[in-house]
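Q: I would like to learn how to read helix packing and a ligand site from coordinates. Where do we begin?

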Amino acid sequence: MDISTAVFECSAPDLDSCPDEALPEFAFIGRSNVGKSSLLNVLAGEEGLARVSPTPGFTKLINIFTINKTWRLVDLPGYGFAAGARKDSVRFNRAVLNYLEHRTNLCSVFALIDSTLPPQEVDVDFVEWLTRKAVPYVIVFTKADKVTPAVAQANNAAFMARISSWFEKPPLTFTCSAATGHGRADLLGVIEELLAAIAAESATKPSVAAEAPPEPVRRKSANQLARENKKRRPDLNRPW
Ligand SMILES: Nc1nc2c(ncn2[C@@H]2O[C@H](COP(=O)(O)OP(=O)(O)OP(=O)(O)O)[C@@H](O)[C@H]2O)c(=O)[nH]1
Ligand SMILES: [Mg+2]
């Protein structure tokens, strides 16, 4: 897929401040410093679009970028940065959890895992949370250029071994490097596939009849939103 335009949309402090849900979104999540902002820039083909820093916890807001005027990439703050985080807790920005759980146009999450490290409990916990909440995701192993392919492969396999028993069919995995651009085409391919699935889905939906009575306006419960959320996301035969 060619990227012709990549435009910064806004930095949102919470879900309510995010722009309308008209365009499909793909969000980067993972431990602080795992390389979310760097990989977003690689996909967008524009260095410096999202701000990158060696200091963990750098991205603090929900940063939204519109690509080709038709879909969005979303750079999220990382988790695992709070000092003294408990082993069994996924501690980070409540706004990020709300975004992941309730953003109805969130098409897929790229869950980033550092391929230079053996499995980290906080990552296993976080991927478990995504799975429990039925958030659609693919796993992206990052920083592959920093270790030998054998080390990266061993770390990645060990991570998948930790989570594989949760699924009949495990999530898709990719190995990437923001330094070399390795994996860019594969990730853009996933986005393209999902965008095509959404387009096909909306083409088969009946148009709203003009004479249909207006729906009463009422507040939706979190559960209702979550259920609708799941329905809107393309399935692509994934187990979540
Ligand atoms: N060698 C190498 N370095 C990388 C790669 N990806 C990111 N980095 C470096 O890792 C550091 C963190 O990168 P970021 O993209 O800011 O990480 P982040 O996940 O957005 O971090 P937070 O915003 O703090 O959560 C920077 O110094 C990057 O240059 C990679 O693929 N290879
Ligand atoms: Mg960042």
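A: With terms: axes are lines fitted to C-alpha atoms, for helices over the stretch in contact, and angles run from 0 to 180 degrees between N-to-C directions. Helices (H or I, at least four residues) are DSSP runs, numbered from the N terminus. This is a predicted model, in which local features need pLDDT of at least 70, side-chain atom pairs count only at pLDDT 80 or more, and totals for chains, interfaces and linings use all residues. Residues are numbered from 1 along each chain as its sequence is written, ligands are numbered from 1 in the order in which they are written, and side-chain values use heavy atoms, without hydrogens and water.

Q: At what angle do α2 and α3 pack, and how far apart are their axes?

A: Two packed helices are described by the angle between their axes and the distance between the axes. Here α2 (residues 94-102) and α3 (residues 121-132) make an angle of about 40°, and their axes lie 10 Å apart.

Q: Which residues of α2 and α3 meet?

A: Contact means heavy atoms within 4.5 Å. Leu97, Leu100 and Glu101 of α2 meet Phe126, Trp129 and Leu130 of α3.

Q: Which residues come nearest to ligand 1?

A: A residue counts as near if one of its heavy atoms lies within 4 Å. Of the 23 residues around ligand 1, the nearest are Lys36, Ser38, Thr59, Asp145 and Ala178.

Q: What polar contact does Lys36 make with ligand 1?

A: A polar contact with a ligand is a pair of N or O atoms within 3.5 Å. A polar side-chain atom of Lys36 lies 2.7 Å from an oxygen atom of ligand 1. Backbone N or O atoms also approach ligand oxygen atoms, at 2.9 Å for Asn33 and 3.0 Å for Gly35.

Key: A polar contact is a pair of N or O atoms within 3.5 Å; within protein, one must be able to donate a hydrogen and the other to accept it, and residues adjacent in sequence count only if both atoms are side-chain atoms. Helices (H or I, at least four residues) and strands (E, at least two) are DSSP runs, numbered from the N terminus.
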